[in-house]
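Please look over these notes alongside the coordinates.

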Amino acid sequence: KLVQRVRDLQEIVEHLQVVNRSMLNRLRPMALGHVPLRDLLAELTAERARQHGEIAITFAAEGITRSYGDSIDLTIYRCIQESLTNAIRHAQANRVAIALTEKSGDANRPSEDGPAQLNLTIRDDGCGIAPGTPMGFGIRGMQERVQGLGGSYTIRAANGGGTMVEIAIPLRRELV
C-alpha cells in the first residue's frame, strides 16, 4: 500500500512539474535569449500549425539578427502568439501569413530611408474585425508593448478580406 501511495505521489509531482513548466513558458518562453529569435518564432508558428492543421500558417524571417534583446524579442513573440490566437479563435481564418524583417538604417544617423527598425506583419484571410468592435485585452496588450518600445501598432482590414496587423519597432544601434 505504501509503495502504491509513493507512486501516486510521484505521478502527481511529475504532473505538477509539467503544468508549472507550461505556465512558466507561457509567461516567458524558456528558450528566449538562448535560441535565435527566428528559430523560437518558427517553433511557435510550427506548433500552432500542428495544433490547427486546418489552417495554413506560414512564417518568414530572413536577415534578422539572432536577438534584439529580451524586451523586443518577447514583444515580437507575444504579438505573434496573440495574433495567431485571434486568427484561430475569432477570425475563422484558413490562412495566416507572418513576415518579420529588419529595415536597415542607423537610429543614430537617420538616412533618407529612416532609422533601423524591425517590421512584423501578420495577415489572415478570416472574417475580419467588424467596425466598432471594442479592442480586447490581447490587442491592447500588444499595442501597449509595442508603444512601450517606441514602436507603432496598426490593426486594419486586409485587402481582399481578413485582418492585417502591422508592427514597427525602432532599433537602436547598440541593440543591433
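Which residue in E5 is the bridge partner of Arg 123? The partner is Met 164.

1. Basis. This is a predicted model, where local features need pLDDT of at least 70, side-chain atom pairs count only at pLDDT 80 or more, and totals for chains, interfaces and linings use all residues. Residues are numbered from 1 along each chain as its sequence is written, and side-chain values use heavy atoms, leaving out hydrogens and water.

2. Sheet. Five strands form an open sheet in the order E1-E2-E3-E5-E4, with mixed pairing. Strand E1 (56-61) and strand E4 (152-157) are at the edges with a single partner strand each, so one side of each lacks a neighbour in the sheet. Twist averages 10° from one strand to the next. Strands are DSSP runs of E, at least two residues; helices are runs of H or I, at least four, and both are numbered from the N terminus. Pairing requires at least two DSSP bridges between two strands.

3. E3 and E5. Strand E3 (residues 117-124) and strand E5 (residues 163-170) run antiparallel, joined by eight bridges.

4. Helix H4. Residues 137-148 form H4, which lies across E4 and E5 at about 145° to E4. The angle is between N-to-C directions of axes fitted to C-alpha atoms, for helices over the stretch in contact, on a scale from 0 to 180 degrees. Contact means heavy atoms within 4.5 Å.

5. Ile 139, Met 142 and Val 146 are buried (under 20% relative accessible area, 1.4 Å probe, protein chains only). Phe 137, Glu 144 and Gly 148, on the other side, are exposed (over 50%). The cover over the buried residues includes helix H3 (70-91), E4 and E5.
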